[in-house]
Amino acid sequence: MLDVAVLISGRGSNLQALIDACAEEGFPARIVAVIANNPGAGGLDKAKVANIPTSVVNHRDFEDREAFENALDAELKKYKAKFICLAGFMRLLDARFVNRWKDRILNIHPSLLPSFKGLHTQERALESGVRFTGCTVHIVRPEMDDGPIILQAALAVDPEDDADSLSNKVLELEHLIYPESLKLIALGRVRISGNRAIIEEADYPKKGLISPDLIPK
Ligand code: GRF
């Protein structure tokens, strides 16, 4: 059983997806703590409903990033967490922290990385005119939104979409691939090799998707 701490800053819908997955019989990970850097994070209530211990380590209470991250590290040790899932955690973690937890931090990002790192991904996807967008679960490296990719989910951009509708569609996919990625890791099916994650016994879609769809109806 992999003991996981989930770090959040906001509403926690991905946290909820992880909580639901962990509640399933036979799921190979459990959430030992939910830690927020923001006392107002809505996800804290979701954790409480699920009887998961919560902590707030407020970055505003610390002089610098190092002091904040040391406090975070101490909190993770207190709960004996062995793995970290970032789920809408809006603080950058520096190289010292990331290397301390090497290959043991997972993040979800609402774009097909390495495109559209950072914020406002769907606005930028729409502006750029890409035909596909999606989300990525990846192992965290010191660079922002960088690191070996575990799973990605893609969907075609509908020209009728605005940033909100697109975000909602992508969020549904996030809730599928985040628990699935954690499961693969907890089962020991993921091997990290340089910038790549190799997944044992995985099937890959054989056919490509074309958008707009060129096949006459
Ligand atoms: C998600 O879109 C996630 O990909 C990004 O931040 C958002 C968090 O949403 N990293 P929620 O708090 O999980 O609902």
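I started with Arg11, where a polar side-chain atom lies 2.5 Å from an oxygen atom of the ligand. This is a predicted model, so I am reading computed distances here.

Next I looked up Glu174: one of its polar side-chain atoms is 2.7 Å from a ligand oxygen. I then checked how much of the ligand is covered: alone it exposes 370 Å², and the protein buries 85% of that.

Which residues surround the ligand? I noted Arg11, Gly12, Ser13, Asn14, Gly88, Ile108, His109, Pro110 and Glu174. Sorted by class, I have two nonpolar, five polar and two charged residues in this shell. Helix H1 (13-22) and strand E5 (105-109) each give at least two residues to it.

Where does the ligand sit? I found it in the largest pocket. It lies between domain 1 (1-101) and domain 2 (108-202), because both give residues to the shell.

Then on to the backbone. I found a cis peptide bond between Leu113 and Pro114, with omega about 10 degrees. Pro114 belongs to the loop between E5 and helix H5 (121-128). Phe116 is also placed in the loop between E5 and H5, and I noted its positive phi of about 55 degrees, although Phe116 is not a glycine.

My last entry is Ser211 and Pro212, joined by a cis peptide bond with omega about 0 degrees. Pro212 is in the segment that follows strand E9 (196-199).

Technical notes: Residues are numbered from 1 along each chain as its sequence is written. This is a predicted model: local features need pLDDT of at least 70, side-chain atom pairs count only at pLDDT 80 or more; totals for chains, interfaces and linings use all residues. Side-chain values use heavy atoms; hydrogens and water are left out. A residue is near a molecule or strand if one of its heavy atoms lies within 4 Å of it. A polar contact is a pair of N or O atoms within 3.5 Å; within protein, one must be able to donate a hydrogen and the other to accept it, and residues adjacent in sequence count only if both atoms are side-chain atoms. Accessible areas come from the Shrake-Rupley method with a 1.4 Å probe; for residues, only the protein chains shown count as cover. On a 1 Å grid over the protein atoms alone, a cavity is a set of points where a 1.4 Å probe fits but cannot get out, and a pocket is an open set with protein on both sides within 12 Å along at least five of seven lines; lining residues have an atom within 4 Å of a point. A molecule sits in a cavity or pocket if more than half of its atoms lie within 2 Å of its grid points. Helices (H or I, at least four residues) and strands (E, at least two) are DSSP runs, numbered from the N terminus. Ala, Val, Leu, Ile, Met, Phe, Trp, Tyr, Cys and Pro count as nonpolar, Asp, Glu, Lys and Arg as charged, and the others, Gly among them, as polar. Domain bounds come from an automatic or database domain assignment.
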